[in-house]
Amino acid sequence: MKGDFYCRAVHSVLNICLDEQVCGKGCPCYCGMKEDYFPICEYEGQKIVEKDTQNPMDMWISTDKAIQEGKLSLFPKVKGLDKTLAKAYDFAANAHKKQCRKGTKIPYFTHILTAMNYAVDLTTNKEVLTAVILHDTVEDTETTLADIVREFGQKVAGYIAAESENKRPGIPARDTWEIRKQETIQHLQTAPYEVKMIVLADKAANAESLVREWRQKGDGIWQKFNQSDKNKQAWYYYSCAKALKEFSDSNVMKQYLDYLEELFGKGMV
């Protein structure tokens, strides 16, 4: 399909025309865009300018073969990338391997890179950025907090624990959606500033993904979620914005509110 390109960071074929790209300064492979809007990616040992004259699937096949043979890591090595962040990217890429964004074939790891696009606008704190990369590993994979403590330290694990929901295993997610979201909003009232940065980056990334899909499919996107009521989704996203009001002057919050206005209409924050 015209617009397809191979994204080395998420090891997948994405499509620019469908707004699937995750390129931005949160991805260490990203170096900018060409005039045709295809991304320029650069990583250790290779430099690829993605063009529609290259075959994205052939690029995926050859890279996947090298990954399976142990010649390449799942997440690419990038020159100059901080060692802790490089380790976190690699850890998260493997933890979320084979997971996709709900109702799509887009790798879940795209969410991590999109969240980092926002996080790097909020902070240079390496422990916070590490927690952003890993923020869904405990909630959505087999990773435990003990794993995070062992690999990345107590502070990073504490940020992740404070940001993660209590999903109440054994109870259908639809039945617990509202109470879980109420708990998140209440927790944000007194959460540390660093945790709030992680939450804002996460919510802005979710809102961006929703807007991109909504532009293609309309309000039918809500049917795939545990909460299909658009008004309740609006309540939750706007309530998070209110709880994160100390970031009201940041570019990230302004972008977040722009997304919410496009999705739901203007709210009171």
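What radius of gyration does the protein have, and what would a compact globule with 269 residues have? After that, please take the salt bridges in detail: which residues are linked in a network?

Tutor: This is a predicted model, in which local features need pLDDT of at least 70 and side-chain atom pairs count only at pLDDT 80 or more, while totals for chains, interfaces and linings use all residues. Residues are numbered from 1 along each chain as its sequence is written, and side-chain values use heavy atoms, with hydrogens and water left out.

The radius of gyration of the protein is 18 Å, in agreement with the value near 18 Å for a compact globule of 269 residues (taken over C-alpha atoms; the globule rule is 2.2 Å times the number of residues to the power 0.38). Along the principal axes, the C-alpha atoms fill a box of roughly 45 × 45 × 40 Å. The protein has eleven helices and five strands (DSSP runs numbered from the N terminus: helices are H or I with at least four residues, strands E with at least two). Of the 269 residues, 49% are buried (buried is under 20% relative accessible area, exposed over 50%, partly exposed in between, with a 1.4 Å probe and protein chains only). Among contacts (heavy atoms within 4.5 Å) with a separation of 6 or more, 62% join residues 24 or more positions apart.

Now the network. A search of the whole structure finds 18 salt bridges (a side-chain nitrogen of Lys or Arg within 4 Å of a carboxyl oxygen of Asp or Glu). Lys87, Asp147, Arg150 and Glu151 are linked in a network of such pairs. Lys87 meets Glu151 at 3.1 Å, N to O. Because Lys87 lies in helix α2 (residues 83-95) and Glu151 in helix α6 (residues 145-152), this pair ties together parts that are 64 residues apart in sequence. Both ends are partly exposed: Lys87 has 36% relative accessibility and Glu151 has 30%.

Asp147 and Arg150 form a salt bridge at 3.0 Å, N to O. These two are three residues apart within helix α6, about one turn of the helix. In general, an α-helix has 3.6 residues a turn, so residues three or four places apart point the same way. Asp147 is buried, with a relative accessible area of 18%, whereas Arg150 is exposed at 56%.

Helix α6 also takes part in the surroundings of α4. Seven of the nine residues of helix α4 (residues 126-134) are buried, so α4 is largely enclosed by the rest of the structure. The buried residues run from Val128 through Leu129, Thr130, Ala131, Val132 and Ile133 to Leu134. They pack against α2 and α6, as well as α3 (109-122), α5 (137-140), α7 (154-163) and α9. Helices α2 and α6, which hold Lys87 and Glu151, are thus both among the packing partners of α4.

Lys71 forms a salt bridge with Glu69, with the closest N and O atoms 3.1 Å apart; Lys71 is exposed at 64% relative accessibility and Glu69 partly exposed at 40%. Lys203, in helix α9 (residues 193-217), is buried, with a relative accessible area of 7%. Leaving aside neighbours within four places in sequence, Lys203 is in contact with Tyr236, Tyr237, Cys240 and Tyr256.
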